[in-house]
Amino acid sequence: MAAKPVIDLTAKAILKAGNTAVITGASSGIGRATALYCSSIGMNAWMIDIDEEELKLAQELVKGKAKDAKSQKIEMRKVDVSDYEAMSKLAAEVFDGDGKCNFLMNNAGIGRGGGALEDIKVYHKTINVNTFGPINGCQAFIPKMKESKEAGLIINTGSKQGITMPPGNLVYNVSGITMPPGNLVYNVSKAALKAYTEGLEFELMKERKEKEGKLKAALLVPGWVNTSIMLKNERLKAKEAGNEEKFDPSSVYFSEDKPAKGAWMPSQVVDYMVEKLNDNKFYIICPDNDVTREIDNLKMTWTMQDLIEDRPPLSRWNPDYKDKYEKFMADNKPKTEEATADKDKK
């Protein structure tokens, strides 16, 4: 029996002129940077976000970077990713208009914190956006992507916080922001997304091997990035408290317009994502200016060893294990890291 042909699902094969990208969370940050990249290489881009005002500005910026403004389609739609029906209507519109979606990036997310007994409404909101948002995107688009017979990539934006699970009033792993005491809510949403995306790719892998499938999924895990997630989170909290008019954007620690030195810019994340997609990677664990991939590997290793060595959960932050964790990091830190202070932001 002849071997099935290997489908090229690298970024070079998928992210190219004439193909179509659908990107959620596209009004700012990594989503907007991805739309800019896609536009610059000649792709059609559908930019999706709930923030219509900021999305309009982003669309104009992306149109300005188009490789061929006359032939490319740069669309924007205000859509709540937590609404499955709305995402289904979006998928129908995209396929009615372009007939395909080659690159689906489920990137929209919110950075709400809270402990195990946080208000259930906060849990519902965070999980509906961060977990069900990507699931809705996959459910709405992937069947149509299969029917189109076009090769395609599905990228779900996860978080290091969904892997190492930092508790308490710690530094927020996606963007470096300090959350209120307890960010279990966010951890849960991103841990669930990691599990979903791993299962999705396993199913797609089997289809590629057994049924000539042409789709592949990957999990993008940013490091500390200068995005607007903190700005939007603080503005939302002010709005909920009835103080939106008094909210001062300059009070926010960092954003794309107020970049922190230790964080990457969104465009760096996109470049790294493209590089790893060209290497056929599933886990795209991004470093930043403070933490290398090698240090991230050690932190993830310690987390997994909680199970293997039967330690208490989240022992990295347990005072009884403080010295052991520090010794583990010191003993295993690559030589290239010895001269660099690990600020432990992940």
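This is a predicted model: local features need pLDDT of at least 70, side-chain atom pairs count only at pLDDT 80 or more; totals for chains, interfaces and linings use all residues.
I started with Thr157 and listed its neighbours: leaving out residues up to four places away in sequence, Thr157 touches Met105, Asn106, Asn107, Lys190, Leu193, Leu220 and Pro222.

Next I looked up where Thr157 sits, and found it in strand β5, which covers residues 152–157. Buried or exposed? I got 6% relative accessibility for Thr157, and the cut-off for buried is under 20%, so Thr157 counts as buried. I also checked its side chain, which makes a polar contact of 3.0 Å with the side chain of Asn107.

Then I moved on to helix α10, residues 266–278. I did a quick length check: 13 residues at 1.5 Å a residue should span 18 Å, and I get 19 Å between the end C-alpha atoms, so the two agree. Which residues of α10 are buried? My list reads Pro266, Val269, Val270, Tyr272, Met273, Val274, Lys276 and Leu277. I traced what these buried residues pack against and came up with α1 (11–14), α2 (29–40), β4 (103–106), β5, β6 (215–221) and β7 (283–285). Just past the helix, I noted a positive phi of about 60° at Asn280.

I count twelve helices and seven strands. Of the 346 residues, 51% are buried. Taking contacts between residues at least 6 apart in sequence, I find that 74% join residues at least 24 apart. The accessible surface comes to about 16500 Å², with 52% of that belonging to carbon and sulfur atoms.

Definitions and conventions
Residues are numbered from 1 along each chain as its sequence is written. Side-chain values use heavy atoms; hydrogens and water are left out. Helices (H or I, at least four residues) and strands (E, at least two) are DSSP runs, numbered from the N terminus. Buried means under 20% relative accessible area, exposed over 50%, partly exposed in between (1.4 Å probe, protein chains only). A polar contact is a pair of N or O atoms within 3.5 Å; within protein, one must be able to donate a hydrogen and the other to accept it, and residues adjacent in sequence count only if both atoms are side-chain atoms. Contact means heavy atoms within 4.5 Å. Accessible areas come from the Shrake-Rupley method with a 1.4 Å probe; for residues, only the protein chains shown count as cover. The expected span of a helix is 1.5 Å times one less than its number of residues.
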